[in-house]
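Dear colleague,

Please find the structure below, with its sequence.

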Amino acid sequence: MEATGTDEVDKLKTKFISAWNNMKYSWVLKTKTYFSRNSPVLLLGKCYHFKYEDENKLLPARSGCTIEDHVIAGNVEEFRKDFISRIWLTYREEFPQIEGSALTTDCGWGCTLRTGQMLLAQGLVLHFLGRAWTWPDALNIENSDSESWTSNTVKKFTASFEASLSGERELKTPTVSQKKTIRRYSVDHEMRNEIYHRKIISWFGDSPLALFGLHQLIEYGKKSGKKAGDWYGPAVVAHILRKAVEEARHPDLQGITIYVAQDCTVYSSDVIDKQCTSMASGNIDDKAVIILIPVRLGGERTNTDYLDFVKGVLSLEYCVGIIGGKPKQSYYFAGFQDDSLIYMDPHYCQSFVDVSIKDFPLETFHCPSPKKMSFRKMDPSCTIGFYCRNVQDFKRASEEITK
């Protein structure tokens, strides 16, 4: 009887903590994130400039992503579309119970697992869709009743640009058959991209069957002495992700592997061996690799001497982001402006989405606006990620990273 009573107390305690965390993380303040017009913005190897050419024209600020004073609106739209297209994975509630616990939410404890999922998702986006890919509906996920000032300006720029090209249009207009071929290719390409977009998100669903879902990651974490409800550090998550990809039996995932650096050291021969294992089994293509490097950028606080290093990493086309954050709060760092890091925040509790149903809603898997944080607030413990499509790519990346 005593044991049963203890179990009941534990269950009640779990339910109370879950309810408290759900209330705590189920709303978010709509704070504005300001970007300077004078400094470039780097997002996962892509550079955006916002300075506006017409210094006499002021554009009003908007909520979410706000640019001070004057901007090149086209670049603002491109940046926003690029950022929103990244896959955003946050706390969820009311998902199937995690085996061995009474938990049906990860509110309050699962943030590092979520940022690890975001980094892996970006690696898979690069692998299947490429860095140039953006979600066609990215700019439609905010309230449709408030058309942004940037879209109005873009239309003016577009109209002006089209008018300047009108003299050349007659010479360069493709024939009807060419038009049909181009249109058919475009539709087929968009359909393929949409299939992979949904497939990647479904691999991170909150169900026991999802390959990289929270339930599976917790199972792999048990070998590191972790269980549901525990705090997971960036280094532990790196090894959990490696195990998850190794154990994935999906045919689409046989061409990708993960290498985790030991003691901040990447051994080139070991990486190349992992990439070439498929060649030994008769596959002529070498594997793509996601390289995860757990590092510590200082003692109790991050050493500001590492600022240029972090900027350099996020400027590389091979970078898939950083699992980092503030002490006990994990963020997915994807870019920077000046001395501030740009990140996606998993600390927002959303309802469970069943990704097994056809045409499940995608909106909650894409973050509508970026956040910024001073580099000085960054926790020194983090894991840096890189993606290399093949051995040649890895060698080029090694040269860039070594610089």
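Helix H6 is largely enclosed by the rest of the structure, because 6 of its 8 residues are buried. Buried means under 20% relative accessible area, exposed over 50%, and partly exposed in between, with a 1.4 Å probe and protein chains only. Helices (H or I, at least four residues) and strands (E, at least two) are DSSP runs, numbered from the N terminus.

Please note that this is a predicted model, in which local features need pLDDT of at least 70 and side-chain atom pairs count only at pLDDT 80 or more, while totals for chains, interfaces and linings use all residues. Residues are numbered from 1 along each chain as its sequence is written, and side-chain values use heavy atoms, with hydrogens and water left out.

The buried residues of H6 are Leu214, His215, Leu217, Ile218, Tyr220 and Gly221. They pack against H3 and helix H7 (234-247), where contact means heavy atoms within 4.5 Å.

H6 (residues 214-221) packs with H3 at an angle of about 110°, and their axes are 11 Å apart. Axes are lines fitted to C-alpha atoms, for helices over the stretch in contact, and angles run from 0 to 180 degrees between N-to-C directions. H3 and H6 are therefore roughly perpendicular to each other; angles under 35 degrees count as roughly parallel, over 145 as roughly antiparallel, 65 to 115 as roughly perpendicular and the rest as oblique. On the H3 side, Leu113, Arg114 and Gln117 meet Leu214, Leu217 and Ile218 of H6.

**The nonpolar cores**

A nonpolar core is a set of buried Ala, Val, Leu, Ile, Met, Phe, Trp, Tyr and Cys residues joined through side-chain atoms within 4.5 Å. The largest one has 69 residues, and Leu113, Leu120 and Phe204 are among those with the most contacts inside it. Helix H3 (residues 111-128) provides the largest share of this core, 9 residues. A second, separate core of 31 residues includes Tyr259, Val295, Phe333 and Ile384.

**Strand E7**

Strand E7 (residues 288-296) is also largely enclosed by the rest of the structure, because 8 of its 9 residues are buried. Two strands pair if DSSP finds at least two bridges between them. Strand E6 (residues 256-260) runs parallel to E7, joined by 5 bridges, and isoleucine 258 stands opposite isoleucine 290 in E7. Strand E13 (residues 381-388) runs antiparallel to E7, with 8 bridges; here threonine 383 in E13 is the bridge partner of proline 294.
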